[in-house]
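Here's a quick tour of a protein model, from its insides to its charged pairs. Keep the picture open while you read.

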Amino acid sequence: MGPVKVYKCLSIAEKKKVIAAVEAGEKKKDVALRFGIPASTLSTILKQKDHLTTLTPYSSRIRQKKCEYPDLEECLMAWFTQSRQNNIPISGPILKEKSKLFATNLGITNFQASEGWLEKFKKRHDLTFKKVCGESASVDQCISQDWKNELINLLVDYDARDIFNADETGLFYKCLPDRTLTFKNEKCHGGKNSKERITVMLAANMDGSQKLKPLMIGKFANPRCFKNVKSFPLMYRSNKKAWMTGVLFTEWLLCIDVDMKKANRKILMFVDNCTAHNNIPHLENIKIHFLPPNTTSTLQPLD
């Protein structure tokens, strides 16, 4: 038997180097010998020159599998590249929704933006997830531990269903995600995020059996989206900055106190010590206890 032929597959980056060497004037025979490929393979690579130049320069995979909807992916990649140039974070769900929009505009009726399609799309274009930014605060562990030891005595007179934690949070409903799909060798930068927000006050009990009526704070007294809405599953209030204030926190507490009085319940509620919580009104059925300063990231369940 003759010697067994060993076939060598070149990556896309290597194929581009082959093309560059030939265009630089190097003899085809020498190029084929240097890359360990036969003359026929070299000829095929040169014929694919126009196609290879359109592929991402970051791709190191050997073969580029053809996609089922090239027009859709061309539009999607143009949009993705433009978005990343403007430092707009793009997540998987955003990419899937945009692909469905392009499919509709292109008249593609049998396209499904599934998780399988998304993974193959990412592989075809060498996309990966990166975190745009992030930071964490340090907490004095001694203070946290001392408070945990004290907590046992605080809870002794209450059932789990009567122990609540309440906290407000800003909901930036136009804010983009802090992780994005990007090219593997691309530096990941973020742009400015929208500061449009509302504030939501939430509260739940220790055993998870009850959530108190939320308080939502917006900028406008009568938002357009509330038109023809007659009832809400929450309390809505407004001010110019959509922030929690002492007056709003007091109003919310008094409403909860009335509800607890009707139910003949005495509850314990833990809150942080932000400025809006400083003026606690007289409450008959709610006992307020403050968390230690600067420890909410480790001690507050609703943080």
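Let's start at leucine 215: skipping neighbours within four places in sequence, leucine 215 is in contact (heavy atoms within 4.5 Å) with Thr199, Val200, Met201, Met235, Arg237, Met244, Leu248 and Trp252. You're looking at a predicted model, where local features need pLDDT of at least 70 and side-chain atom pairs count only at pLDDT 80 or more, while totals for chains, interfaces and linings use all residues. Residues are numbered from 1 along each chain as its sequence is written, and side-chain values use heavy atoms, with hydrogens and water left out.

**The nonpolar cores**

- Leu215 is also among the residues with the most contacts inside the largest nonpolar core, along with Met244, Trp252 and Met269; that core has 22 residues.
- Here's what counts as a nonpolar core: a set of buried Ala, Val, Leu, Ile, Met, Phe, Trp, Tyr and Cys residues joined through side-chain atoms within 4.5 Å.
- "Buried" means under 20% relative accessible area, "exposed" means over 50%, and "partly exposed" is in between (1.4 Å probe, protein chains only).
- At least two residues of this core come from each of strand E2 (163-171), strand E4 (198-205), strand E5 (215-218), helix H9 (246-262), strand E7 (267-271) and strand E8 (286-290).
- Those labels are DSSP runs numbered from the N terminus: helices (H or I) have at least four residues, and strands (E) at least two.
- H9 gives the largest share of this core, 6 residues.
- There's a second, separate core too, with 19 residues, including Phe80, Phe102, Ile108 and Phe121.

**A closer look at Phe102**

- Find phenylalanine 102 in helix H6 (residues 92-105).
- Phenylalanine 102 counts as buried because its relative accessibility is 17%.
- Not counting residues up to four places away in sequence, phenylalanine 102 touches Leu72, Cys75, Leu76 and Trp79.
- Take cysteine 75: phenylalanine 102 is 27 residues from it in sequence, and the two are 7.3 Å apart in space, C-alpha to C-alpha.

**Helix H2 and its two faces**

- Which residues of helix H2 (residues 28-35) are buried? They are Val31, Ala32 and Phe35.
- These residues sit on the same side of H2 because they cover an arc of only 95 degrees around the axis; the arc is that of the directions from the helix axis to the C-beta atoms.
- An α-helix has 3.6 residues a turn, so residues three or four places apart point the same way.
- Turned away from the buried side of H2 is a face with the exposed residues Lys29, Leu33 and Arg34.
- What do the buried residues of H2 pack against? Their partners are helix H1 (12-23) and helix H3 (39-47).
- Just after H2 comes glycine 36, with a positive phi of about 70 degrees.
- UniProt, in an unreviewed entry, places the feature "DNA-binding region" at residues 28-48; UniProt positions are given in the numbering used here, feature names are shortened, and annotations may be inferred rather than shown by experiment.
- In the model, residues 28-48 are 81% helix and 0% strand, and the end C-alpha atoms of the span lie 16 Å apart.

**Salt bridges**

- Side chains of opposite charge can pair when their charged atoms come close.
- With a salt bridge taken as a side-chain nitrogen of Lys or Arg within 4 Å of a carboxyl oxygen of Asp or Glu, the count comes to 10.
- Glutamate 26 forms one with arginine 34, and their closest N and O atoms are 3.0 Å apart. Glutamate 26 is partly exposed at 29% relative accessibility, whereas arginine 34 is exposed at 51%.
- Glutamate 119 pairs with lysine 122 in another salt bridge, at 3.2 Å between the closest N and O atoms. Both lie in helix H7 (residues 115-124), 3 residues apart, about one turn of the helix.
- Glutamate 119 is partly exposed at 37% relative accessibility, but lysine 122 is buried at 12%.
- Arginine 237 and glutamate 251 form a salt bridge too, with the closest N and O atoms 2.6 Å apart. This pair links distant parts of the chain, 14 residues apart: arginine 237 is in strand E6 (residues 235-238) and glutamate 251 in helix H9.

**Cysteines**

- With a disulfide taken as a pair of cysteine sulfur atoms within 2.5 Å, the count is 0.
- Cysteine 142 is exposed, with a relative accessible area of 56%, and cysteine 175 is partly exposed at 35%.
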